[in-house]
Amino acid sequence: MYAQGGIASVVTKNDSFQSHISDTLIAGAGLCNEEAVKVLVHEGPDDIKKLIDFGVPFDRDANGDYIVSMEGAHSFKRIMHCNGDATGFNVTKTLVGNVKMHSNITCFENMVLVDILLGDDSAVNGVVLQDNDNNFLAIQSQNVILATGGIGGLYRKSTNSSVATGDGIAAAWRAGAELENMEFVQFHPTALIHPDKNNRYFLISEALRGEGAILRNRKWEPFMKNVHPMADLAPRDIVSRAIVQEMEKYDLPNVYLDITFKSREVLSKRFPMIYNECMKRGIDIASDWIPVIPVQHYFMGGIKTDLNGKTNISGLYSCGESACTGVHGANRLASNSLLECLVFGRRCAQDVNGASKKRSNDMSLAIDVKKESKALDFETIRSNIRYTMTKKGGIVRSMKGLKEALTEIEAYYEQLQRAELRNVYELEKLNIATVSLQILTAAQKRKESVGAHYIKTESET
Ligand SMILES: Cc1cc2nc3c(=O)[nH]c(=O)nc-3n(C[C@H](O)[C@H](O)[C@H](O)COP(=O)(O)OP(=O)(O)OC[C@H]3O[C@@H](n4cnc5c(N)ncnc54)[C@H](O)[C@@H]3O)c2cc1C
């Protein structure tokens, strides 16, 4: 819903599949699943056409041709967008509208996944959900697709909605699903310094830097040109770390993004959402530099799937940010994630449609329901885990910090595991602790810095 920049795909004649594949592999720092990347790039354009057929209003120029934009680490302009910077809103609105027109689709809204049901053969046999009044509902099904999104709620500062607490990933893990690439958490270099009332950090899209915006430090210097040959359009992990370094060097709370060389008319038309949101907060991007900081943004890891979204548990699928198809490797190329949702979401559906209809009658919950009824201070636990993850499992990590973080969060995990979790609010804390531990454990195993996983050397600590 919040996606601004758009969807990357090879849609112009001068672009090529090879170029999009190569850009994705370079951003992924050698850890992408190349097969998955090929599927993503080759099948993407047809899925974009499907979105157009569904009625998604991608922006066009005066001749009626689709407009494509540039973003960081892409070699060509290949980002399709809607109403400038409101791509997620328009895609979501169109798809939800389409779903509601189908009488054979039943939507249960405001229901939250609690856990996955397994049958006697350890295959999936449904899910348990809970509504706003804490009523449980068990739904039996031989196939389940988890699409619960990212993990921003594990960190203090994120562009994600606060509901992104890795619930699907935690439930899949409890059921025995394999997780992959859990150490790779992407921090977006440019979010507005102050959060909104829901504590979400407003993203200043990379598309601004694609249009020439420059990051500046307090001396007005365009510091990225000394850091990487692609300067402000370098991969996100490199830009995020360079910003942290500038902030530490000058003891500053932020750096600045300068796009004041573009006219007000161009900015308000190309980036209406960003222009208006900044203006509401007293920042006129046509004349003021935008105060920005790096914040958690995207999760490259998740539930390990094959090219059809299948996990190692029969009948359990995942797609979107909760899944790890391997397309992003150690770092995601900008605007590849919505493309991944389209391509691998469709592949999940095709596989489910071809799957057998065998159903077991047994049902067992992976979550342990025999609990102590000792009251816990859930809010303090959440706050402490988020603080630790930000400080020790964030942009810059050290082996010492990871060890400390693991010890601390393991203790919370033990308490949460023993506690009686009465509602979704309380269960969410167990999910946060579960996924945090998986991230820290994977980070500890990977001793070398690669992509978004940066480990300080002995001399830096
Ligand atoms: C500010 C922002 C800008 C972005 N811009 C871009 C961009 O320009 N291009 C791009 O490619 N990507 C972009 N991304 C990333 C991209 O939007 C996400 O990766 C993508 O939307 C993930 O889709 P999803 O369907 O997997 O998850 P989501 O879109 O996050 O949807 C997950 C859904 O699951 C629900 N859910 C969560 N937990 C539970 C539970 N326990 N029970 C029931 N439901 C649950 C949530 O409420 C939500 O509706 C951006 C992300 C953000 C945050």
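Which element gives the most to the shell around the ligand? Keep in mind that we're looking at a predicted model here. The answer is α9, with 4 residues. This helix spans 336–354, and along with β4 (112–118) and β12 (290–299) it belongs to the elements that each supply at least two residues of the shell.

Let's stay with the ligand for a bit. It is surrounded by 27 residues, and the closest are G6, L113, D167, E321 and S337. Sort the shell by class and you get 12 polar, 11 nonpolar and 4 charged residues.

Now for the backbone contacts. L113 puts a backbone N or O atom 2.7 Å from a nitrogen atom of the ligand. At Q4, a polar backbone atom sits 3.4 Å from a ligand nitrogen. As for cover, the ligand on its own exposes 1000 Å², and the protein buries 75% of that.

One of the shell's suppliers, β12, also takes us to a sheet. Four strands make up this open, antiparallel sheet, and they run in the order β9-β12-β11-β10. The edges belong to β9 (185–192) and β10 (214–216); each has a single partner strand, so one side of each is left without a neighbour in the sheet. From one strand to the next, the twist averages 45°.

So what holds strands of a sheet together? They pair through backbone hydrogen bonds, in either a parallel or an antiparallel way. Here, β10 pairs with β11 (residues 255–258) in the antiparallel sense, over 3 bridges.

Terms used: Residues numbered from 1 in each chain as written. Predicted model: local features only at pLDDT ≥ 70, side-chain atom pairs only at ≥ 80, totals over all residues. Heavy atoms only, no water. Pairing = 2+ DSSP bridges. Axes fitted to C-alpha atoms, helices over the stretch in contact; angles between N-to-C directions. Near = heavy atom within 4 Å. Polar contact = N/O pair within 3.5 Å; in protein donor to acceptor, adjacent residues only side chain to side chain. Areas by Shrake-Rupley, 256 points an atom, 1.4 Å probe, with all protein chains shown as cover. Nonpolar A, V, L, I, M, F, W, Y, C, P; charged D, E, K, R; others polar.
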